[in-house]
Amino acid sequence: MPSNAILETRVLTKRFPGVTALDGVSFYLRPGEVHGLCGENGAGKSTLIKTLSGIHPHGSYEGEILVEGNEARFTGIAEAQAAGIAVIYQELALVNNLTVAENIFLGNEPTRLGLIDWDKVYTDAAKLLKRFKLDIDPAARVGDLGTGLQQLVEIVKALAKKSRILILDEPTAALTEAEVDVLLEIIRGLRDEGVAAIYISHKLDEVFAISDRITVLRDGKSIVTLESAQTNAGEVIRHMVGRPIEDLFPKRQSKPGGTLLSVKNLTVADRHGDTILHDISFEVRAGEVLGIGGLMGSGRSETLMHIFGAWGERLNGDVQMSGKPSPIQNPRKAISEGLVMVTEDRKRYGLNLDKSIGFNLSLSSLEQIGYGFIDRNTEVARNQKIFGLLRVKAPSIETVVGTLSGGNQQKVVIGKALLTGPNIVFLDEPTRGIDVGAKLEVYEFVNQLTGEGKAVVLVSSELPELMGMSDRIVMLAEGHVGGVFMREEATQERLLAAAIKFHKAPVKV
Amino acid sequence: MKSSQINVRDFSLFIALALIWAFFSWQVPDFVSPRNLTMLSIELSTTAVASLGMLLIILLAHIDLSVGSAIGLMGGVASVLIFRHQWSAPAAMLLSLVVGVALYATMGWVIARERIPAFIITLGGLLIFKGIFWKVIGNQTIPVKTGDKDNLLSILTTYYLPAWAGYSLVALIIVALTAARIYSRIKRCSYGFEVESGELMFSKLFVAGQAFLLSVIVLERFRGVPLSVTVLGSVAFVIWLITNHTRFGRYLYAIGGNEEAAIISGIPVRAVTIGAFAIAGVTATITGFMQTAYGGASTTTTGELMELDAIASCVIGGTALAGGHGTVLGVLAGAFLIDSLMNGMTLMAVSPEMKFVTRGVVLTLAVWMDVRLSRRSS
């Protein structure tokens with residue numbers, strides 16, 4: 001290890017109940033270096049960031065974090081920030097109702113005589129924005145900006161704190177190509193000023209464009225660190241996956257049957273009246289997996305949530321289930337019609353974390369076991385059966401769900417959905433944040449469902465997963481259908497091109 | 001982790017109860033006299049029935065500030081119909097019950113449909129019910145019976161079961177409890193769940209049986225088991241059945257624990273909310289009858305501040321204000337603590353001013369503890 005490393009981790013290990021998220025991760029960051037961090041979802045990237053930024057405080061992990069050669073023992077985010085580490089997350093942390101300048105200096109306002117010096121707030125913000133060649137009005141309300149510009153404001157906000165180490169977690173997920181170029185230019189400028197950056201992205205072309213070195217994480221381990229100039233995307237992917245991609249997705253034979261769900265010209269507005277989904281049409285047949293992909297904010301989840309009756313107001317369009325117009329107005333109705341949804345955010349929409357596995361499993365299907373009174377024999381028997389079938393790793397169905405690992409929690413959510421006896425299953429990012437073993441089990445489940453003649457709609461932000469699992473893939477772009485592909489004709493390039501079809505800027509992939 | 005926290009709460013509740021009882025028996029030996037304990041059991045009946053309704057609402061992470069006024073109003077409606085309009089007591093009480101359920105269901109409907117915080121709606125209810133109540137009784141004192149003629153309303157707190165009935169009842173309860181425990185143990189074994197040791201189960205049953213028997217023996221030394229205690233017993237049994245063995249009860253916990261997940265899981269959140277309020281309307285009305293009967297008449301202060309006792313009973317008994325956690329047994333214990341405190345202070349002739357302060361301190365302490373314990377668990 002070089003003595004001039006600005007940030008270094010030594011055999012960093014972080015355990016959660018049931019899962020080792022980081023397993024002896026060692027890597028270092030040189031001053032003025034952009035370091036790409038690659039790995040699949042669940043490889044440990046976000047845990048590593050959280051540990052570096054003080055969210056997982058000292059004492060909750062094993063190993064050492066060194067900043068400029070001295071061990072850092074962050075007890076919280078504030079200490080990490082004081083040490084010059086700034087993190088820009090995928091999710092925005094801006095206040096929509098405040099202006100750009102107010103957001104940039106939020107919690108850090110310049111004062112004069114104890115009062116906020118508003119002149120300075122706006123002039124300094126304008127200076128910062130100008131320095132990064134951003135054409136944004138400091139007095140504009142953040143909520144009125146597009147997602148891409150908001151992301152750039154977020155980055156400027158982090159830079160306003162004069163950080164020496166910048167961690168960017170999927171900063172371009174919501175950016176157009178033109179905005180990505182602006183961002184990369186900003187990072188290069190900072191690098192020349194000696195700021196070091198950790199750059200995390202699924203988009204390998206970006207990682208190669210910006211980074212000096214690349215470290216690959218897999219299953220919580222730091223697999224390898226490569227000089228960007230001496231490697232290529234293929235090698236990085238091989239390290240990320242650890243095995244050929246084909247093996248990750250279990251083979252199955254699909255023999256699609258009749259159309260179970262047909263969506264025609266769906267146009268939907270959110271509660272503010274803004275049209276989010278435009279003219280979306282697709283069909284799902286029995287025994288088939290329909291993949292839905294797209295960038296963040298493309299309307300993937302919204303499409304499923306709307307059909308499930310949980311989101312939005314339909315302006316136009318028609319949904320038919322098994323050839324009949326579907327009267328779905330709410331999730332309750334949907335479930336009784338044989339449609340069930342496993343939502344993306346399982347903690348928020350899926351589980352009662354401090355209740356038992358059994359409580360959660362049977363919640364959606366209590367109406368099938370006895371009128372009014374719960375027939376506990378039947379309930380327990382049904383729960384035990386699905387518990388065994390899903391191979392949930394827990395002592396018994398009385399175990400509290402919150403103590404399980406992400407993968408096992410996800411299995412409980414899926415189990416709850418399956419107990420309703422559905423014909424159509426919506427899975428929104430079913431493998432996000434779960435380990436590779438559990439992923440494989442989820443994939444096997446999907447195949448089992450289609451084998452039973454059910455229709456599955458799978459939303460995923462991982463293109464390999466979409467290509468590996470789906471019979472057909474619908475790519476959404478800004479609420480429109482950007483393209484529909486059969487499994488055989490889908491390539492990463494074609495899918496991505498469809499995903500950014502409606503962006504204004506020209507695209508080169 | 002989880003179980004040890006529940007134990008902290010259970011344990012401190014038990015210690016607090018023991019301290020309160022020790023203190024009052026030492027200060028005023030009359031506290032443990034059969035006569036006073038009988039009074040305490042009647043007071044417990046009113047507080048606990050109101051608290052059990054409150055439990056259903058707090059499980060949903062809502063709150064009912066209107067119950068004190070509702071208690072006064074429902075008792076007042078029945079009294080006025082009986083005393084002023086010569087209605088038969090059962091008819092008067094039935095109408096009062098219908099009104100109570102209708103008012104509560106309406107509040108539940110507004111809260112569930114319009115998504116207005118229960119805090120505001122029931123605060124409005126507190127004032128509106130109080131106004132209507134005073135209007136109904138014309139700001140006067142309305143006796144619960146005409147002349148000396150007892151009726152169904154007046155006997156609620158003045159009738160005592162004959163000794164044979166009291167002893168048969170307690171025997172029945174002990175047998176039923178034992179049978180239920182054994183049955184559930186066998187079931188749990190057949191599911192392959194963990195069960196507590198046989199000795200522990202036996203000693204728990206033994207202690208519970210002793211406590212029941214001792215209570216009846218003490219009550220018999222005055223006039224016997226008050227009718228109101230059997231009312232409480234029945235309400236508690238029904239609420240226990242609802243929370244533990246029905247779909248509706250399961251939904252209460254699910255909605256209170258995570259409302260968004262409940263909606264996605266296909267739970268009829270609106271109907272369950274309205275239902276919980278409707279049931280709370282029933283318990284509020286029953287409490288209104290008992291509270292009015294206990295005072296002998298309906299007056300402007302009947303039921304006043306009982307919403308706070310009900311909330312305190314729930315919270316002291318381990319019901320989380322954030323929703324999703326709470327049991328019937330806990331609420332009964334909480335109500336027992338509150339009533340022991342109030343009764344003891346009355347015996348000691350504590351001034352009304354200090355009683356207010358004590359009530360406030362107890363409520364604050366209970367909520368503080370709830371916040372502390374739930375913060376640690378998250």
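Mentor: A salt bridge is a side-chain nitrogen of Lys or Arg within 4 Å of a carboxyl oxygen of Asp or Glu. Keep in mind that this is a predicted model.

Trainee: Which residue of chain A forms a salt bridge with B:Arg250?

Mentor: The cut-off is 4 Å between the nitrogen and the carboxyl oxygen. Here the closest N and O atoms are 2.7 Å apart. The partner of B:Arg250 is A:Glu379.

Trainee: How many salt bridges does the rule find across the interface of chain A and chain B?

Mentor: Polar contacts come to 20 residue pairs across this interface, both residues at pLDDT 80 or more. For salt bridges, the rule finds 3.

Trainee: Which helix of chain A gives the largest share of the side that touches chain B?

Mentor: Helix 11 (331-336), helix 12 (346-350) and helix 14 (376-389) of chain A each supply at least two residues of that side. The largest share is 5 residues. That share comes from helix 14 of chain A.

Trainee: How much area do chain A and chain B bury between them?

Mentor: In contact are 35 residues of chain A and 25 residues of chain B. Carbon and sulfur atoms carry 53% of the buried area. The total is about 2700 Å².

Trainee: Are helix 5 and helix 6 of chain A roughly parallel or roughly antiparallel?

Mentor: Their axes come within 10 Å and cross at roughly 10 degrees. Angles under 35 degrees count as roughly parallel. Helix 5 of chain A and helix 6 of chain A are therefore roughly parallel.

Trainee: How many nonpolar residues are in the contact of helix 5 with helix 6 of chain A?

Mentor: Helix 5 of chain A contributes residues including A:Leu152 and A:Ile155, and helix 6 of chain A residues including A:Leu183 and A:Ile186. By class, the contact has 1 charged residue, 1 polar residue and, as nonpolar residues, 7.

Notes: Residues are numbered from 1 along each chain as its sequence is written. Chains are lettered from A and ligands numbered from 1 in the order in which they are written. This is a predicted model: local features need pLDDT of at least 70, side-chain atom pairs count only at pLDDT 80 or more; totals for chains, interfaces and linings use all residues. Side-chain values use heavy atoms; hydrogens and water are left out. Axes are lines fitted to C-alpha atoms, for helices over the stretch in contact, and angles run from 0 to 180 degrees between N-to-C directions. Helices (H or I, at least four residues) and strands (E, at least two) are DSSP runs, numbered from the N terminus. Angles under 35 degrees count as roughly parallel, over 145 as roughly antiparallel, 65 to 115 as roughly perpendicular and the rest as oblique. Contact means heavy atoms within 4.5 Å. Ala, Val, Leu, Ile, Met, Phe, Trp, Tyr, Cys and Pro count as nonpolar, Asp, Glu, Lys and Arg as charged, and the others, Gly among them, as polar. Buried area is the accessible area (1.4 Å probe) that two parts lose on being put together, summed over both. A polar contact is a pair of N or O atoms within 3.5 Å; within protein, one must be able to donate a hydrogen and the other to accept it, and residues adjacent in sequence count only if both atoms are side-chain atoms.
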